[in-house]
Amino acid sequence: MFTTQVPWLTTLILLPLVAAFAVPLIPDKDGKTLRWYGLGVGLVELALTVYLAATQFDRTAVGFQLSETYAWLPQLGVNWSVAVDGISLPLLVLTAFVNTLALMAAWRVSHKPRLFYGLMLALYGAQMGVFVAKDLLLFFTMWELELVPVYLLISIWGGPKRLYAATKFILYTALASLFILVAGLGLAFSGDRITFDLAELGLKEYPAALELFAYVGFLIAFAVKLPMFPVHTWLPDAHGEASAPVSMVLAGILLKMGGYGLIRMNMELLPNAHIHFAPVLVVLGVVNIVYGAFAAFGQTNLKRRLAYSSVSHMGFVLIGLASFTEVGLNGAMLQMLSHGLIAAALFFLAGAAYDRTHTLMMDEMSGLAQQMPKIFALFTVAAMASLALPGMSGFVSELTVFLGMANSDAYSLSFKTVIVFLSAVGLILTPIYLLSMLREVFYGEAKAETTPDHWFSDANPREVFIAVCFLLPIIGIGLYPKLAMTSYDTKTVHIAQKVGAALPIFATVEPQEMTAERDLFPLTPALIAPPLD
Amino acid sequence: MDLSNDLAAQLNAGAILPEGLVIVTLMAVLVIDLIVGRKASSWLPYVAIAGLFATVAALVLQWDNPNPLAFFDSFNSDDLSVIFRGIIALSTVITILMSIRYIEQSGTSLAEFMAIMLTATLGAMFLSGANDLVMIFVSLETLSISSYLMTGYTKRDPRSNEAALKYLLIGAASSAIFLYGVSLLYGLSGGETNLAQIAAQLAQGDSDQALGLAIALVFSIAGIAFKISAVPFHQWTPDVYEGSPTPVVAFLSVGSKAAGFALALRMLLTAFESVTVEWHFIFTALAILSMILGNVVALAQTSMKRMLAYSSIAQAGFVMLGMIAGTEAGYASMVFYLLIYLFMNLGAFTCVILFSLRTGTDQISDYAGLYQKDALLTLALSICLLSLGGIPPMAGFFGKIYLFWAGWQAGLYGLVLLGLVTSVISIYYYIRVVKMMVVKEPQEMSDAVQNYPPIRWNLTGMRPLQVGIVFSLITTSLAGILSNPLLTLANNSITQTDLFHVANAAAVETVAQVAEDADPVAQ
Amino acid sequence: MNLAEDVQLISFGLLGVLMIAAALGVVLLDQIVYSAFLLGGVFLCMSGLYVLLNADFVAAAQILVYVGAVNVLILFAIMLVNKQETFKPVGNRWLRQGATALVCVGLFALLSTMVLATPWVVDTTVVLTSTVVQIGKHFFSDYLLPFELASVLLLMAMVGAIILARRDFIPEKMATDTQDALTLPERPRELTGTVSDR
């Protein structure tokens with residue numbers, strides 16, 4: 001392999017990591033070299049990723065591509081094995097995009113810049129690693145690798161409650177990610193061959209109990225990251241306290257790691273268990289949407305409101321994943337991409353506003369529109385995208401998820417109706433809290449003490465550039481969704497078929513049991529899955 | 001007995017060449033110090049280090065020795081013992097590097113300190129290969145008595161005295177218990193002292209011996225558990241760690257512990273082979289207690305040395321996991337983890353020493369804001385602590401992965417889960433120190449850090465300290481990613497050791513062979 | 001033969017009773033000097049038991065080492081320390097003593113059951129040569145390595161004893177801050193922390 005092709009993906013992981021370790025060696029007399037260095041690395045990485053996606057990637061192929069495998073720890077059956085396929089490639093591009101813009105957004109970091117850029121680059125590399133790892137232990141390593149940089153990024157450059165938020169983040173995530181290892185070990189040792197290769201693991205047949213156990217393990221780990229109700233509580237703290245560039249990465253990419261993990265592990269490896277848990281995912285997804293929306297409404301802190309809106313939006317991903325249709329899965333993927341862009345844009349703009357007002361309390365901000373019209377305009381566009389205005393990516397993705405759910409033949413009609421209805425309620429709540437946010441922050445009378453001598457400067461060209469960079473693809477996808485969908489369409493169809501193929505077997509086994517359950521749980525006739533064994 | 005002309009060949013004396021080199025070094029240190037006096041103190045440590053490197057070189061030559069048994073089977077130089085002796089010798093090298101400045105600053109004599117340290121190393125190395133009850137006990141005592149002496153080395157300090165006295169009393173009691181267990185073993189096997197022969201005799205024994213064997217087992221494990229400071233035989237650890245000179249603590253936590261594990265492996269796998277189920281059970285209990293108590297109590301510590309003491313208890317719990325697994329992968333993961341633990345733990349101790357030399361304190365709260373004053377120290381200590389906590393890509397992560405991997409393979413699901421959960425707890429207290437150093441703002445800096453002296457590496461003994469820090473920093477960060485050679489080494493040390501192939505059948509087979517050349521005296 | 005066995009049995013009984021009585025005295029008597037002397041008695045009885053076991057060398061070593069050295073050392077220590085101190089009676093003393101007694105009796109019961117239940121392999125060979133010769137042969141054959149190692153151990157014990165006992169030489173550059181020298185570089189910390197973190 002090494003001789004025949006360029007190790008693109010390894011380069012993608014190692015470039016930011018090596019760059020991170022080289023940060024202490026960069027001479028930084030005037031305090032400006034470092035940010036150019038960071039941005040340069042980010043741009044090179046982005047260029048590489050885009051080049052890879054545009055020229056090297058075959059959109060029609062289903063399986064892993066560009067795979068590279070080097071023996072790493074043969075004693076443990078662990079390989080340095082990286083590859084991309086339809087679902088990892090768009091996320092990879094998103095990662096490079098958001099991280100590079102985050103590095104650009106961090107232009108003003110003057111406090112311990114050396115450490116900051118080192119950690120940002122390490123985080124960058126770790127995220128790329130998560131999305132390209134084809135080996136379960138490599139995936140776990142990369143997953144854990146991202147912990148400490150995020151912890152330090154929150155706890156050094158965060159808001160007033162940063163230490164609490166950072167500790168909560170690391171304990172939640174570290175504790176949850178244990179389950180990746182446990183479930184992974186369970187799968188790897190099942191059968192006659194010890195392997196951590198995802199492709200090989202997907203071919204194995206697992207006993208039903210192990211499959212359910214592993215599913216629960218993965219679900220716990222990814223649910224915390226996604227975040228799924230009721231393990232979402234770290235998110236408002238972490239996102240609320242982190243500085244803008246870190247929030248961008250957290251909301252833009254780290255949440256997507258949870259969704260990616262659910263597709264990659266739970267659905268691809270364990271389709272049979274997915275059938276048992278899909279109704280749970282749907283119900284929790286709805287809870288996420290509605291609860292997230294209500295909770296967002298109750299926040300007075302701008303960033304915390306955005307954080308809860310993330311919780312709400314990620315609920316659509318859950319519903320899409322559990323819909324058993326290609327359309328639903330497509331919608332979930334698109335929702336991840338779209339939310340990655342929108343949330344990053346919103347957090348960036350919130351950060352830009354904070355840089356000027358030095359407060360995140362919405363009642364203290366009012367009337368900013370007159371002083372910073374550019375930020376106001378950009379913020380409004382981003383908020384519109386977030387509340388799923390037609391023509392923006394959020395609308396397309398949420399609509400696709402609804403379509404998928406509504407067309408799903410796995411659930412009963414009443415169940416689907418309830419689900420769609422409740423999600424629609426959440427969808428209605430979204431504009432309410434987002435528009436009220438806009439009203440509180442930008443409209444109204446400017447606060448007396450801020451007007452006369454503190455005339456806030458408007459967005460500078462750099463900030464406008466970053467925001468526009470986010471908004472262009474958002475609108476682009478909104479107008480022409482195929483732009484994003486072509487890259488993963490083949491793969492999601494394949495996965496949906498794989499999961500769907502497991503469905504009828506279960507559905508036909510014991511219809512009697514099903515009806516009995518229906519009587520017991522009138523709301524969940526969708527529980528078509530029979531009891532164990 | 002017919003003493004042939006070639007005495008050395010008969011004794012297979014080449015097998016203890018590394019230990020011979022240690023003895024030569026130790027004598028050289030003592031005699032040079034006697035003749036040259038204090039003038040030699042500037043270069044004497046390098047003599048000791050050179051001697052230890054020669055020892056390691058000799059150990060490399062011992063690898064895959066086709067004829068490992070020496071001195072009428074009382075010493076076994078198989079690959080397992082070679083790797084453990086290597087770990088011990090290397091830990092002494094790093095300990096000496098870090099102790100030069102420390103001993104200098106405490107105003108005591110360095111030469112004697114190194115001589116005692118080398119004796120402890122000698123005892124530990126012999127213990128790793130001891131194959132005979134008498135040999136085990138004498139080497140164990142060599143290690144213990146030198147450890148007591150080192151613990152109380154700064155004799156004007158009441159804390160050091162207290163530590164030494166505590167260690168001596170508890171150590172002597174545990175030695176007595178161990179000796180009682182061993183003497184029962186001697187009686188039960190009909191007067192054998194060689195481990196293999198004991199195993200053979202016990203395998204033939206009837207069920208009436210079960211109670212005696214159980215008591216022998218429990219008593220022996222009590223002695224071993226004291227050395228590896230497994231809960232509930234850990235009570236000495238925090239007090240001794242806190243009061244002793246820090247280089248001694250470093251040695252106790254790595255070298256002495258490694259020797260304890262080597263002894264446990266050899267003794268339990270040969271002599272107590274017939275009660276494998278029972279000792280697995282006892283060690284499971286010890287591992288559970290050690291992991292829980294070590295990690296939970298470490299959370300509450302305010303002193304760095306005490307925190308590291310509890311963390312070393314917890315780490316011993318993780319290592320025991322590999323032992324309980326009872327597979328080749330399990331033992332290999334133990335060896336691998338100990339190898340990595342050597343670097344990361346000694347690295348952490350080197351940093352603690354450097355900090356206490358510069359500021360005179362080892363309180364965790366006094367580390368606040370160190371990043372602003374000393375980036376290298378902060379980086380090294382952070383990396384070592386994160387590695388101990390098992391954060392990738394540091395070496396400790398891979399060590400733990402291998403341990404858990406092996407444990408899962410052996411079906412120890414509950415223990416692996418417990419290990420994972422407790423290692424998350426451990427992340428909390430390790431990262432607390434990192435947070436102290438890195439996150440604190442300049443205005444939150446502790447007094448100790450505010451009065452931080454200018455960094456000077458040209459003082460006596462500072463350069464070796466720096467070498468130690470940089471070396472462990474590099475190893476800890478790279479040994480995980482590039483761990484393949486170490487893994488191969490650990491695996492080979494297990495697969496090429498007969499110890500792990502001695503099944504019941506083989507044990508019976510040796511009885512006949514043993515009967516022929518059993519008693520050299522009688523011949 | 002019969003007479004010899006009888007004599008052996010009687011001596012064993014006598015020595016055993018004497019030893020237990022002396023040991024009880026060591027523990028129970030209030031005067032520490034009496035305890036020390038009685039400890040010597042215990043050691044002597046023990047060496048008598050060794051004689052009965054044909055272990056003449058060990059018996060002699062027992063007397064030389066324990067009575068001649070250890071016990072005399074203890075006596076020296078007691079006589080040099082002339083400190084009268086009244087100890088405060090410990091509350092619930094009977095509870096502690098009871099618990100200790102329970103543990104000890106339990107341990108004794110366990111060990112004696114084990115001793116009685118186990119079929120020990122008894123060595124019936126009659127040793128004709130002196131045990132000293134036997135031990136010497138062992139030392140220079142199969143126990144050569146432990147024997148040699150013991151010499152290193154003794155050397156280091158001697159060095160250690162000298163280090164602990166000698167008056168320290170404090171170099172000149174340290175003389176300025178003598179109170180810091182010969183102690184750990186770490187400052188002693190406040191005692192408040194030591195109790196709380198157990």
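Biologist: Which chains have the most contacts between them?
Modeller: In this predicted model, two pairs of chains touch, and the most contacts are between chains B and C.

Biologist: How many residues of each chain are in contact there?
Modeller: On the chain C side there are 39 residues, and they are in contact with 56 residues of chain B.

Biologist: Which elements of chain C give two or more residues to that side?
Modeller: They are helix H4 (93-117), helix H5 (131-139) and helix H6 (144-165) of chain C. H6(C) gives the most to the side that touches chain B, with 13 residues.

Biologist: And what is that side of chain C like by class?
Modeller: The side of chain C that touches chain B has 25 nonpolar residues, together with 7 polar and 7 charged ones.

Biologist: Staying with chain C, what domains is it divided into?
Modeller: Chain C has domain 1 (7-81) and domain 2 (130-169). The C-alpha centres of these two domains of chain C lie 24 Å apart.

Biologist: Now chain A. How far apart are the closest C-alpha atoms of chain A and chain C?
Modeller: They lie 22 Å apart, and no contact joins chain A and chain C.

Biologist: Then how many residues do chain A and chain B bring to their contact?
Modeller: Chain A brings 22 residues and chain B brings 24 residues. On the side of chain A that touches chain B, the elements that give two or more residues are helix H5 (136-145), helix H6 (147-157) and helix H7 (162-189) of chain A.

Biologist: Which of them has the largest share?
Modeller: H7(A) does, with 9 residues of the side of chain A that touches chain B. By class, that side divides into 18 nonpolar, 3 polar and 1 charged.

Biologist: At what angle do H7(A) and helix H17 of chain B pack?
Modeller: H7(A) and H17(B), residues 395-409, pack at an angle of about 50 degrees, and their axes are 10 Å apart. Angles under 35 degrees count as roughly parallel and those from 65 to 115 as roughly perpendicular, so H7(A) and H17(B) are oblique to each other.

Biologist: Is the crossing left-handed or right-handed?
Modeller: H7(A) passes H17(B) in a right-handed crossing.

Biologist: Which residues meet there?
Modeller: From H7(A), Leu181(A), Leu185(A) and Phe189(A) meet Phe404(B), Trp405(B), Trp408(B) and Gln409(B) of H17(B). The contact of H7(A) with H17(B) has 6 nonpolar residues and 1 polar residue, with no charged residues.

Technical notes: Residues are numbered from 1 along each chain as its sequence is written. Chains are lettered from A and ligands numbered from 1 in the order in which they are written. This is a predicted model: local features need pLDDT of at least 70, side-chain atom pairs count only at pLDDT 80 or more; totals for chains, interfaces and linings use all residues. Two residues are in contact if their C-beta atoms, placed from the backbone, lie within 7 Å. Helices (H or I, at least four residues) and strands (E, at least two) are DSSP runs, numbered from the N terminus. Ala, Val, Leu, Ile, Met, Phe, Trp, Tyr, Cys and Pro count as nonpolar, Asp, Glu, Lys and Arg as charged, and the others, Gly among them, as polar. Domain bounds come from an automatic or database domain assignment. Axes are lines fitted to C-alpha atoms, for helices over the stretch in contact, and angles run from 0 to 180 degrees between N-to-C directions. Angles under 35 degrees count as roughly parallel, over 145 as roughly antiparallel, 65 to 115 as roughly perpendicular and the rest as oblique. A crossing is left-handed if the near helix is turned anticlockwise from the far one by less than a right angle, and right-handed if clockwise.
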